[in-house]
Amino acid sequence: MMISSFYKKYSRQLIWGVFCTLPILTFLAELLPSNNDIETWLPKDSDVRIVYDRFKAEFGAEEVVLVAVQGGLDQPSLVEATAGRIESLPTVRQCWTPERLKSILHEFKVEPAEIDKRLNGLLMNSEKNVAGILVLLSDTGIKNRAGTVQGIREKLEYNQLTGNEVQLAGAPVVIAELDRLGSQKNNKKFFIITLLISLCLLYYSFREWKKTLATLGLTIWAINLTTALIYLGGGEMNFILGALSVMVLVFTLAISIHVHHYVASCINEPDPLSAALKIAWKPCVLATLTTTIGLFSLTVSEIGPVIQFGYAASVGTFVSLITGLGLTPAVLTLWPIDPEKLHSGKQRWDFQRCANWLIDHSGRVSIATIVLVMITGVGLFSLRTKIDPLDFLPVEGRVIQDVRAVQDNLTELDSIEAIVDFGDEEIPFINKVERIRKLEAIIQQHPAVRHTMSLASFFPKQFPESPFETARLLSHAQSAHGDNDFTSDGERLWRISARISSDADLPQDQVYDELTVMIDDPNVILTGVAPLLRRAQNQIFTGFWESFSMAFVIITVVMIVSLRSIKAGLVAMVPNLTPICIVFGILGWYQIPIDIGIMMTASIALGIAVDGTFHFLVRYQSQYRLTRNSAQASRNSLLMTGEPIFTAAVITGTGMLALTLSNFVPTARFGYMMTSLLVAALVGDLVLLPCLLALRPEKTEGQNAADQADSEQSAQDPQHAPHFLKQQQRGTKDQSGKAVA
């Protein structure tokens, strides 16, 4: 009664509080910055990351945009004018063109034929008459990649270079496009469609507009509160965290629908709200606790976006609990459930008929479902990861088309960087150049290497015989290039940049390993973003399943403790694996690679499955104490909890389909995955779990006598048998599980 009194007194204030704070939370949520920097995908504190960070510290971030001008070799003045205009941008440090490099190489007495050979495949393609402009970003440009790329496009348009005449490629271009496509603004329209679909289905379930709008309003408030908390905590939005809003939507609606259903089932009780909350609090809290454990386990990862998702999703689950369990009663107090608008008896009879059929055929259904899970689960052993930023871009989009054109017609964008450490020993400059050339020759022997570049590339094959002329060349080289281009730390460290062919069938981590063996020099260290991403795939994959396994073990322990039974806890975890085995197993069977975003859906799926499992098991425990018949207890529990579990999955799953319309690949994939996982979770919670529990052996008379006290206490509790279940049980089944007239 105290609970009802509280909501009767403060419900209006609670709803007004939500309404008044929503604009503030929305404003804060919109301030959340985006960061899809590729470097955040690299493992922190790993050996490969330490080497790469050292490379950046010595030679700079070296973020470049490559502009490919079709027919540019016939229009050198146009290319030079364009480079000059681009170089005037405050976000650009320097531009390199074929003519500028030719001029420098000519000053270094490099033969004309050798000049063309060195530049071909780097900034020019003589066969296709393509000229390249290499744009080096300043520190300001790196901080504002989108603005830099936009500025370059404006300069190109000023010089009337548009359409197929020019292509832009490079990490800043890809990252800027990922930020645009993965931004909240771009995905908002698809999320609005999801909300509209959920609104219509909620109305079909509630049959009242005010209650429907209020429930969906609470969900929107929970989403914005979660995002605002992330912003206030100093977080950043990325394409993985784009799934957070959907996760909060699913969890909040699921809890709200369960609370609504429990209140409806207790409608004939003296205090329906108090009776319903006594039923709802335990499964909701336990499901939130275990889901939070599963999501928080992701923070052990070494991958930045995964860690952020673990923290943010953990916050989101508690926000969902507070909103769904704490504020939904306020909505139901202001707009009480009208018994006349509840589902008709025929609809409930149809659901009852399905439940009866499942329990009557529990043995065969269990075997068939387990066989399905096992067959699809075999595919888990064939899962493979793939992390390629280009895979996240629309296939027909301008950026991906430009990148492919640059790779085909001009040069490769992926590179492996070799850092050569000459130590403190005094070595003549010419000897260093010769050493670098020998290393370049070794690197060029690999079939995947398309082009190499170093400071040695600026010198002629043979140095002048005159020592004065040689000294002049060396002095000119040092003044022209200095540190942070191809040498650093007073010429102790030298850099060789090797462009890797995109047509090579070998993965870049394999190229990386093979080059290490070919060079076989402890003073030469290989690094670079592209090979590190490939190498990080295995770490991401292994780390994810380790965290998932750890979460599964912890959730199993929580399940056993909460159910006070080892057997019941272990059986309860079987359906929680069902969505993972079915959906991810199918991906493995069809050799569909999974990325970071897809892997995150597994943690959400575990939370969804656990939520339904707890709601069913809490009811099953009380019903088993009442009936002392496992089949009947399973049947009753399915009737009491099956409808809200099914309703929540249908509403959210159908809404997820709207995300598949997005042209941002991670968003579309997330929509497909979530819909599939929600359906698969229904198989585990509403098919496999009830059927397995229905097969549970009955207790002996001695064991039944030990439960007599609990049974009598449960029988006096009205929450264990809501009114509609009492009506449905009147002539459905006897204790043996057979139908009676």
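These legends describe close-up views of a predicted model.

**View 1. The whole chain, before the close-ups.**
The protein chain holds 27 helices and 10 strands. It has 741 residues, and 58% of them count as buried. Take contacts between residues at least 6 apart in sequence: 81% of these join residues at least 24 apart.

**View 2. The nonpolar cores.**
How many residues does the largest nonpolar core have? It has 208 residues. Val-67 and Phe-309 have the most contacts inside this core. Neighbours within four places in sequence are set aside for the contacts of Val-67. Its partners are then Ile-86, Ala-131, Gly-132, Ile-133, Val-135, Ile-152, Leu-156, Val-166, Gln-167 and Leu-168. Another core lies apart from the largest one and has 5 residues. Tyr-52, Phe-55, Phe-59 and Ile-419 are among them.

**View 3. Helix α10 against helix α13.**
Helix α10 covers residues 209-232, and helix α13 covers residues 304-334. Their axes come within 9 Å and cross at roughly 150°. Angles over 145 degrees count as roughly antiparallel, and α10 and α13 are therefore roughly antiparallel to each other. Their crossing is right-handed. From α10, the contact uses Lys-211, Ala-214, Thr-215, Leu-218, Trp-221, Ala-222, Leu-225, Thr-226, Leu-229 and Ile-230. From α13 come Ala-312, Val-315, Gly-316, Val-319, Thr-323, Leu-327, Thr-328, Val-331 and Leu-332. By class, this contact has 13 nonpolar, 5 polar and 1 charged residues.

**View 4. Helix α10 against helix α11.**
Helix α11 spans residues 244-265. It packs with α10 at an angle of about 140°, and the two axes are 9 Å apart. How do α10 and α11 lie to each other? They are oblique. The crossing of α10 with α11 is right-handed. On the α10 side, look for Lys-211, Thr-215, Thr-219, Ala-222, Ile-223, Thr-226, Thr-227 and Ile-230. They meet Leu-244, Ser-245, Val-248, Leu-249, Thr-252, Leu-253, Ser-256 and His-260 of α11. The classes here are 7 nonpolar, 8 polar and 1 charged. Lys-211 of α10 takes part in this contact and also in the contact with α13.

**View 5. Helix α22 against helix α23.**
Helix α22 runs over residues 596-627, and helix α23 over residues 630-656. Their axes come within 8 Å and cross at roughly 145°. This crossing is right-handed. Gly-612, His-615, Phe-616, Arg-619, Tyr-620, Gln-623, Tyr-624 and Thr-627 form the α22 side. The α23 side has Ser-630, Gln-632, Ala-633, Ser-634, Asn-636, Ser-637, Leu-638, Met-640, Thr-641 and Ile-645. The contact divides into 7 nonpolar, 10 polar and 1 charged residues.

**View 6. Ala-633 in helix α23.**
Ala-633 is found in helix α23. Is Ala-633 buried or exposed? Ala-633 is buried, with a relative accessible area of 0%. Leaving aside neighbours within four places in sequence, Ala-633 is in contact with Tyr-620, Gln-623, Tyr-624 and Thr-627. Gln-623 is 10 residues from Ala-633 along the chain, and their C-alpha atoms are separated by 4.9 Å.

**View 7. Two loop residues with positive phi.**
Most residues other than glycine have a negative phi. Arg-207 is not a glycine, yet has a positive phi of about 65°. Arg-207 sits in the loop between α9 (184-206) and α10. It is partly exposed, with a relative accessible area of 30%. Glu-491, not a glycine either, has a positive phi of about 65°. Its place is in the loop between β8 (487-488) and β9 (493-500). Glu-491 is buried, at a relative accessible area of 16%.

**View 8. Two partly exposed residues.**
Where is Gln-75 found? Gln-75 lies in the loop between β1 (64-70) and α3 (76-87). At 37% relative accessibility, Gln-75 counts as partly exposed. Asn-129 is 54 residues from Gln-75 along the chain, with 9.9 Å between their C-alpha atoms. Ala-368 belongs to helix α15, residues 362-377. Ala-368 is partly exposed, with a relative accessible area of 46%. Ala-368 and Leu-688 are 320 residues apart along the chain, and their C-alpha atoms are separated by 9.4 Å.

Methods
Residues numbered from 1 in each chain as written. Predicted model: local features only at pLDDT ≥ 70, side-chain atom pairs only at ≥ 80, totals over all residues. Heavy atoms only, no water. Axes fitted to C-alpha atoms, helices over the stretch in contact; angles between N-to-C directions. Helix = DSSP H or I, 4+ residues; strand = E, 2+ residues; numbered from the N terminus. Parallel < 35°, antiparallel > 145°, perpendicular 65-115°, else oblique. Left-handed = near helix turned anticlockwise from the far one by under 90°. Contact = heavy atoms within 4.5 Å. Nonpolar A, V, L, I, M, F, W, Y, C, P; charged D, E, K, R; others polar. Core = buried A, V, L, I, M, F, W, Y, C linked by side-chain atoms within 4.5 Å. Buried < 20%, exposed > 50% of the residue type's maximum accessible area, 1.4 Å probe, protein only.
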